[in-house]
Each structure stands twice: as structure tokens, then as C-alpha cells.
Amino acid sequence: MGFDIEKASRAELRDIQDQRLEESVTAVYENVDLYRKRLDEAGLSPSTIDTTALTAVPFTTSADIRDEYPDGLFTVPTGDIQRVHTSSGTTGKPKIFGYTRDDLDTWSKIIARSLETSGFESQYTVLNPCKYGLVSGGLGWHDGLEQLGATVVPSATADMDRQIELIRDLTVDGLICFPSFALDLAGIIERQGGDPTELSISTITVGGEPTSQELRAEIAEAFDAVVTEHYGLSELFGAGIFTECEECQDGAHVWEDHFYPEIIDPRTDERVDDGEEGELVLTSLSKEAMPLLRYRTGDIATMTTDECACGRTHARISVTERMRNGISIDDTTVYPTEIESTFLTEPETAPYYRIDLQRTGQHDAINITIERKQGLDVDQSELADRLHERFLAELSLSVDEITIATPGTIDRTLGTKANRVYDNRE
Ligand SMILES: [Zn+2]
């Protein structure tokens, strides 16, 4: 066997990174006014920047991309841009992301590598219910699945009944979706009297919204399938750029021949040690149309460079939450995934919940509604009392009211991101 990039030594990876970083920095210095100005102000030139000197480079932010709307960060003439995607925001101008032909090829190869790492095989038939449109998800996965050699079922516009029919009739092996989609799919099949574990689906990769390990375990149990988590963001190609491996499911491998990851303390902007939590910052190493240096993702993560038991040497990142998802309640901040991973360890609870916030006088009230599991005899007030105590002990969260709801009564999102937090404070 020849050189295996997934198992390259850390030193070999560093050499590739240094070389590609210089190319990216040169491209933005020569073609993007914003970067030339910032690097000049910092007294840096492309030839002086390698991975050890990268900390001197100023961050790129989401606001920078908006300010440079639509094409201020492109390094190539618009004639060389083959596709654009945008951010998903519905207010104000979106962020625009450009791709050259080479970018689209690089991205589909990265996704194919991620899919293989998470257990997808070339002979698989895969349901891709992600939306094909301005946002990068559906088309990205489509190209990656074709690159892998799999059969793609682009089911985004089909209703749930049709999707279930296609899974059965085409003997679908794999599924790529939001975690809430997988849960909704299992729930519908169960309510129709079916059993999701009897479907042919053996491999599922979920992403697009933060989830707890406990919720992924619920999905694995519901389908009797291997469930891995993937991560992506349109600023750096898009969907599927990191993934957990099928073997270990212990943090997502970030492909370090294409990205340089850092974790920083968002208060001091300094790098934190391996294993410590902070904000994920990514530098692209192989993007052509729109390379980004030290992009602040706004995601909270930990990283380890310890070799994974699967033998891959690329760093692993666990993204725990989006910073903007934090719920500030009185003087503390709590995240929906923390609430989720607390109550899901109770055997009587189902993975459907909503969080309602209200202001009463000087106090912020937080009410949590959680569905109980189908077919279990649950003492609801005893379960609510136990959860009150656990939220207080484990999250220092004093919940005003916990309601245990009947199965099937909390709104399902059916193919869009789950909306779990309803903030009715002014
Ligand atoms: Zn691994």
C-alpha cells in the first residue's frame, strides 16, 4: 500500500500544512484587499507565516464575510466561480460562499473520505433528505456520495410517507440527516405500527445541529444502526468536512491536510491546551475561491491530537454547542444539549422536549416540557421531582416547572432543524 494520508505521521501532516498554508496566505495577500491590509498592519508577509507563526495572524469573523458581501473575499475572477452557496439566515444580507471547479472536486473528495470513515460503502444506497438549494447541505452530500460511488436517493422534497416507502422499496443502507429527522422518522414508523430496527438502514450519520451523545445513542437504538456525528460549515466548503470514525465514535476527525484547527479561549483569544474547551477556529488549506485564515466558528469544542484507536492520526474535535445557543438565565448560561444529556439518562424519557423562557418581574422563569416514553408506566410527579433535583445538582439550574408530556404531543420538525427553545422574554 502506498502513502495513506489518513495515517500520516504528525510531522508529515505538519509539512503538508506548512506548504499549503503558504499557498493560501499568498493567494489572499495578492487578491483580497481585507487580508492584505490586515497582514500589512500586523507586519506579516506570506513567506513568514507557517503553522507556528499563525497565531500572529488576525482572526476572520462572520462579520468580515458579511462586510465583504458579495465577492470581496474571492481570490479569483467571478468567471472562475462555478457555484455559490449562502448562509441560512433569513434577515439581512446572507453570507456568500464561492467555489471554483477545483473547490467542488476537493470538497466532494473530503466528503467521500468522511463517509468511508463513518462506515458508508460504495455499494450502499443512501437516502439524502438534506435540502438541495442555497444552503450547502444537500448538494454537497450528493456530490460526496457520487464520489464515493454510492447510489444517491435525493429525497428532500418527498413527504415522510414517501421517504419511508423509498427506504423500504430501495432497501436503503445509509441515511444522512439532522438528528431530529432520524428521531421523527423512527417515531412515524412506530406510530404506523412498524419497527425501525427491521429496516435495512445500517449506517446513519447525523449533524447540522448540536446533539448530545445520549441522543445519538437513542437514534442508534431506534434503528439498530451505527450512528456517527459529522460537522461542517459553509465558510469552509460546507457539510461533511469532519466526521467521527465508525470504529471509535470518539470525536470527529478533522482532515488536517485541508484544515488547520485551533481551540482558543474566546475571552483572551489565546490558544488553550489539548483537551480544554474553547472556541473552534479554522484555517482553510486547500480552498481556492475563498480561503479563510483563522475563521472564528462560534462553536464550542475540545480537541485532541492523541492517535485514535482506529489508527488515524488526524486530530479529533468534539463540538459541544454553538455559542449563540447559550441560554442566559439569571446569572448563568446553560445549553440545550446539557439539558438533553441530563434528562435522557432517565429511562422513562423520550428525546423530544421544549424549553420555554418567560420574564416574571426581575426573575427569568425556565419551564421544560419532556415527553415520556411510549408504553412505559411512569410516575410523572416523581420523575419531575427527580429531574428538578438533577438539573440543580448537575447544571446548577433551578427549573421553575417541569412538565412530563404524553408521547407524540411535542411538535416535530420534519426535516428542518429542531426548534427547542422558545424565548418569550422581552
Ligand atoms: Zn478514529
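Author: Ground rules: residues count from 1 along each chain as its sequence is written, and side-chain values use heavy atoms, leaving out hydrogens and water. As the model is predicted, local features need pLDDT of at least 70 and side-chain atom pairs count only at pLDDT 80 or more, while totals for chains, interfaces and linings use all residues.

Reader: Which residues of helix α2 are buried?

Author: Buried means under 20% relative accessible area, exposed over 50%, with partly exposed in between (1.4 Å probe, protein chains only). Helices (H or I, at least four residues) and strands (E, at least two) are DSSP runs, numbered from the N terminus. In α2 (residues 33-41), the buried ones are Leu-34, Tyr-35 and Leu-39. Down the axis of α2 they fall within an arc of 120 degrees (taken from the directions from the helix axis to the C-beta atoms), so they line one face of the helix.

Reader: What sits on the face turned away?

Author: Exposed Asp-33, Lys-37 and Glu-41. The buried residues, meanwhile, are covered by elements including α1 (10-31) and α3 (62-67), contact being heavy atoms within 4.5 Å.

Reader: Now the sheet: what is the strand order?

Author: Strands of a sheet pair through backbone hydrogen bonds, either parallel or antiparallel. Here two strands pair if DSSP finds at least two bridges between them. The open sheet of four strands runs β18-β17-β16-β19, with mixed pairing. Its edge strands, β18 (401-405) and β19 (421-423), each pair on one side only.

Reader: In which sense do β16 and β19 pair?

Author: Parallel, over three bridges. Ile-355 stands opposite Val-421 in β19.
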